[in-house]
Amino acid sequence: MDIDSIVTGVTLILTPTSLLLIMLSVLIGVTIGALPGLSSTMAVALLLPFTLGMEPVVAISMMAALYCAGTFGGSITAILINAPGAPPAVATALDGYPMAQRGEAGRALGMAAIASVSGGLISLVIFIFAAPALAAVALSFRPQEYFALTLFGLSMLAAISGKSAPRNLISGMLGVLVSVVGIHLVTGVERFTFGTTWLYDGIDFVPVLIGVFAISEMLKQSQAPEQIMERVKNLAIKLPGRDDLRRTWATILRSSGIGTIVGILPAEGTTVAAIMGYNEAKRWSKHPEEFGKGSIEGIAGPEAANNAGTSGAMVPTLALGIPGSGTTAVILAALIMHGFRPGPFLMRETPEILYAIFAAMLIANFAFLFVGLAGARVFSMVTLIPRTFLWPSVFIFAVVGAYAYNQQMFDVWVMLIAGLVGFVGLRHGFGPAPFVMGLVLGNLLEKNWSQAMIIFDSDWTLFFHSWIANLFFVLTALSLSSPILGPWLRRRFSFRAKRATQQTDSGS
């Protein structure tokens with residue numbers, strides 16, 4: 001373990017300014033997470049332009065803290081008003097709201113907080129011990145390995161969000177197409193500039209991210225009627241008792257492991273982790289009949305899994321440059337905007353940055369334990385904010401953020417156009433996360449391809465002289481063929497199982 005890098009990274013975070021900004025991010029994250037309709041992805045996208053003048057480590061740490069707190073914040077409204085503030089909290093509502101209805105809202109919130117913190121801490125500890133091994137592998141990466149790795153990341157587009165793999169792929173390819181706008185740095189060829197100088201340097205991430213995450217969601221929510229939320233009254237916060245902890249400690253450990261593994265898998269994310277954590281908690285429980293009626297294990301399972309998933313999702317984002325969710329796709333773009341090169345290069349050259357980010361997430365986990373418990377009553381009231389005030393505020397932040405980036409109206413128009421395109425895409429099932437992933441990875445793919453081709457003197461067959469590159473090429477092929485191979489393998493296994501059963505029956 002690289003103790004020097006850990007100490008340096010922690011030192012970067014333990015300054016009064018950094019701690020204050022991380023606490024502010026936790027408050028914003030819990031508030032945004034508690035508001036149905038708003039997401040931590042949108043909040044991170046809106047925060048991005050306002051962090052460009054900050055120290056890069058502090059800026060990324062703020063976003064990581066907001067990501068953690070936003071994931072937990074969704075559980076507050078899931079328990080108190082049966083309206084998950086964020087998708088990962090959907091499973092929490094299944095047992096949290098029934099507990100709140102029978103007067104145990106405080107117990108449910110306490111368990112959600114403790115399970116979330118436990119999941120986050122366990123996941124972070126696993127990563128801190130695994131980081132040196134990842135850094136050792138990172139030493140072997142050259143442009144051809146980076147190209148193969150980025151290609152593998154693009155192959156995961158189909159699974160990053162939504163239900164339709166073809167739509168995700170189309171959305172991602174559009175992102176790649178937008179990423180090539182501008183003058184090619186090697187050949188000097190103009191691409192899709194349409195004769196205007198505004199597009200010579202390409203299209204920046206910031207206005208596009210704000211548009212597809214904030215403006216498109218605002219347009220989508222404008223069609224939804226105002227919802228009347230029924231809040232639980234007489235809310236008394238209390239921590240889970242000894243019996244609760246004795247009953248849930250195994251569930252928390254199991255779900256933390258599930259969340260960490262699922263989060264590390266590129267393009268899976270915290271929602272999948274939460275659902276798997278809930279299902280496994282029910283499967284291993286001694287009282288599965290209580291699930292759906294207010295089981296304390298039904299809260300511990302998904303909450304430990306989804307928060308472990310947030311830390312896990314940062315691993316492919318930081319170590320491989322492949323985002324594990326929509327929010328980490330925005331954080332990946334933020335790393336690039338702040339001058340970092342995500343992936344093995346970051347692991348190899350600046351490991352202290354990684355440890356600083358994970359130290360910030362560690363602090364955020366402890367912070368939202370107290371913020372969530374002490375302020376649950378207040379955060380439940382944010383759901384009373386009328387949409388007529390909420391969404392105009394989001395629009396103003398979006399316009400200011402897009403303009404502040406380069407202080408030019410062109411970026412505001414880009415943001416508005418991206419928002420309109422994103423809204424049309426949402427209406428037809430095209431998610432914004434694959435588009436952003438294509439936009440970010442498209443740049444990296446072209447850059448590494450160009451560098452490798454210069455080194456290889458335009459002989460592309462030399463890509464296959466690297467075993468790491470070949471490994472990622474094989475994984476890419478398997479990923480792209482999985483929609484065909486998966487059903488075929490299931491049919492084969494089903495046929496063999498049926499035939500074995502028939503032979504057993506005829507033999508008996």
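At 73% relative accessibility, Phe 194 counts as exposed. This residue of the predicted model sits in the loop between E2 and H9, and Phe 194 has a positive phi of about 55 degrees although it is not a glycine. Phe 192 belongs to the loop between strand E2 (190-191) and helix H9 (205-221). Phe 192 likewise is not a glycine, yet its phi is positive, at about 55 degrees. With a relative accessible area of 43%, Phe 192 is partly exposed, because the exposed class begins over 50%.

Of the 508 residues in the chain, 54% are buried.

Helix H7, residues 143-155, has 13 residues and reaches 18 Å from its first C-alpha to its last, close to the 18 Å expected at 1.5 Å a residue. H7 is mostly covered, with twelve of its 13 residues buried. The buried set includes the aromatic side chains of Tyr 146, Phe 147 and Phe 152, and Gln 144 and Glu 145 also belong to it. Helix H15, residues 351-374, has 24 residues and should span 34 Å at 1.5 Å a residue; its end C-alpha atoms lie 35 Å apart, which agrees. Since 18 of the 24 residues of H15 are buried, this helix is largely enclosed by the rest of the structure.

Helix H10 (residues 242-264) packs against helix H12 (residues 297-320) at an angle of about 30 degrees, and their axes are 6 Å apart. That angle makes H10 roughly parallel to H12, because angles under 35 degrees are counted in that class. H10 passes H12 in a right-handed crossing. On the H10 side, the contact is made by residues including Arg 247, Thr 251, Ser 255, Gly 259 and Gly 263. By class, the contact of H10 with H12 has nine nonpolar, ten polar and two charged residues. An α-helix has 3.6 residues a turn, so residues three or four places apart point the same way.

Leaving aside its neighbours within four places in sequence, Ser 255 is in contact with Gly 277, Gly 301, Ala 304 and Ala 305.

The crossing of H12 and H13 is right-handed. Here H12 contributes Ala 313, Met 314, Thr 317 and Leu 318, while H13 contributes Thr 328, Ile 331, Leu 332 and Leu 335. By class, this contact of H12 with H13 has six nonpolar, two polar and no charged residues.

Met 337 lies in helix H13 and, at 22% relative accessibility, counts as partly exposed. Met 337 touches Leu 52, Phe 205, Val 206 and Tyr 405, not counting residues up to four places away in sequence. Met 337 and Phe 205 are 132 residues apart along the chain, yet their C-alpha atoms are separated by 8.0 Å. Glu 280 lies in helix H11 (residues 270-284). With residues up to four places away in sequence set aside, Glu 280 touches Arg 254 and Ile 258. Glu 280 and Arg 254 are 26 residues apart in sequence and 8.2 Å apart in space, C-alpha to C-alpha.

Terms used. Residues are numbered from 1 along each chain as its sequence is written. This is a predicted model: local features need pLDDT of at least 70, side-chain atom pairs count only at pLDDT 80 or more; totals for chains, interfaces and linings use all residues. Side-chain values use heavy atoms; hydrogens and water are left out. Helices (H or I, at least four residues) and strands (E, at least two) are DSSP runs, numbered from the N terminus. The expected span of a helix is 1.5 Å times one less than its number of residues. Buried means under 20% relative accessible area, exposed over 50%, partly exposed in between (1.4 Å probe, protein chains only). Axes are lines fitted to C-alpha atoms, for helices over the stretch in contact, and angles run from 0 to 180 degrees between N-to-C directions. Angles under 35 degrees count as roughly parallel, over 145 as roughly antiparallel, 65 to 115 as roughly perpendicular and the rest as oblique. A crossing is left-handed if the near helix is turned anticlockwise from the far one by less than a right angle, and right-handed if clockwise. Contact means heavy atoms within 4.5 Å. Ala, Val, Leu, Ile, Met, Phe, Trp, Tyr, Cys and Pro count as nonpolar, Asp, Glu, Lys and Arg as charged, and the others, Gly among them, as polar.
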